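I opened this notebook to record what I looked up about the pockets of one structure. My entries follow in the order in which I made them.

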Amino acid sequence: VLDPVRAYMPMCEALGGFVRQMAEGATQSVDITAKGTLGDTNTAPLALAVLKGILSTSREGVNYVNAPHIAEDRGIQVKESKTKAAGPYANQVVVTLETDKGQYKVAGTLLAYDLFRIVQIQGFATTLEPTPYILVGPHEDRPGMVAQVASLLGERQININAMQVGRQPSQAGQSIMIFNLDSLVPDDTLA
């Protein structure tokens with residue numbers, strides 16, 4: 001049961017943790033959609049990995065056995081779907097988290113056995129390598145905006161190890177800045 005999807009489980013766990021950390025409000029439901037080559041597989045282990053990632057952001061000791069029970073106790077609805085259509089990727093997992101404050105969506109793809117990327121955040125195209133410290137923020141697509149944030153981080157001695165801008169192809173001028181950092185950004189810097 002696990003062999004066809006085993007390589008995707010770390011990615012799904014990371015997607016769950018990432019989407020929960022960017023979300024505001026109490027989790028109400030999560031929808032996991034497996035696309036492309038995953039359309040012919042049993043996706044239940046992927047849903048477990050996403051749940052583990054989501055729940056591990058606020059509770060210790062979450063594992064693949066107790067994650068569904070914790071989600072049920074919290075009233076979190078879990079939906080799974082799959083399709084053979086995957087867009088530009090051979091495989092993709094899309095995680096949509098619904099809270100009492102809004103909807104949050106991320107997608108990831110497996111590039112090689114242990115190499116995956118987050119390829120979409122809230123509809124913005126990315127190629128984000130998941131690392132322990134990621135800063136995501138709105139970006140006004142004009143010269144100098146990235147430099148302002150980079151300068152602020154540099155003044156606080158926070159090293160940027162990678163940076164990118166994600167765009168929505170249909171909405172000119174709207175984008176997000178994504179920074180992979182070597183350390184946590186203090187709350188007073190984010191304010």
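Predicted model: local features only at pLDDT ≥ 70, side-chain atom pairs only at ≥ 80, totals over all residues.

Entry on the second largest pocket. I looked up its volume and found about 150 Å³. I then listed its lining, which consists of L135, V136, G137, P138, V149, L152, L153, M177, F179, V185, T189 and L190. I recorded β7, α4 (145–155), β9 and α5 as the elements that give two or more residues to this lining. β7 gives the most, with four residues.

Entry on the largest pocket. I found a volume of about 780 Å³ for the largest pocket. Its lining is made up of 27 residues, and I noted F18, Q21, M22, I134 and V136 as the closest to its centre. Two or more lining residues come from each of α1 (9–22), β5 (115–121), β7 (133–140), β9 (174–181) and α5 (187–190). The largest share, six residues, belongs to α1. By class, I counted 19 nonpolar, five polar and three charged residues in the lining of the largest pocket.

I asked which element gives the most to the lining of the second largest pocket, and I wrote down β7. For the largest pocket, I wrote down α1 as the source of the largest share.

Technical notes: Residues numbered from 1 in each chain as written. Heavy atoms only, no water. 1 Å grid on protein atoms, 1.4 Å probe; cavity = no way out; pocket = protein on both sides within 12 Å on 5 of 7 lines; lining within 4 Å. Points joined across faces, edges and corners; volume = space filled by probe spheres on them. Nonpolar A, V, L, I, M, F, W, Y, C, P; charged D, E, K, R; others polar.
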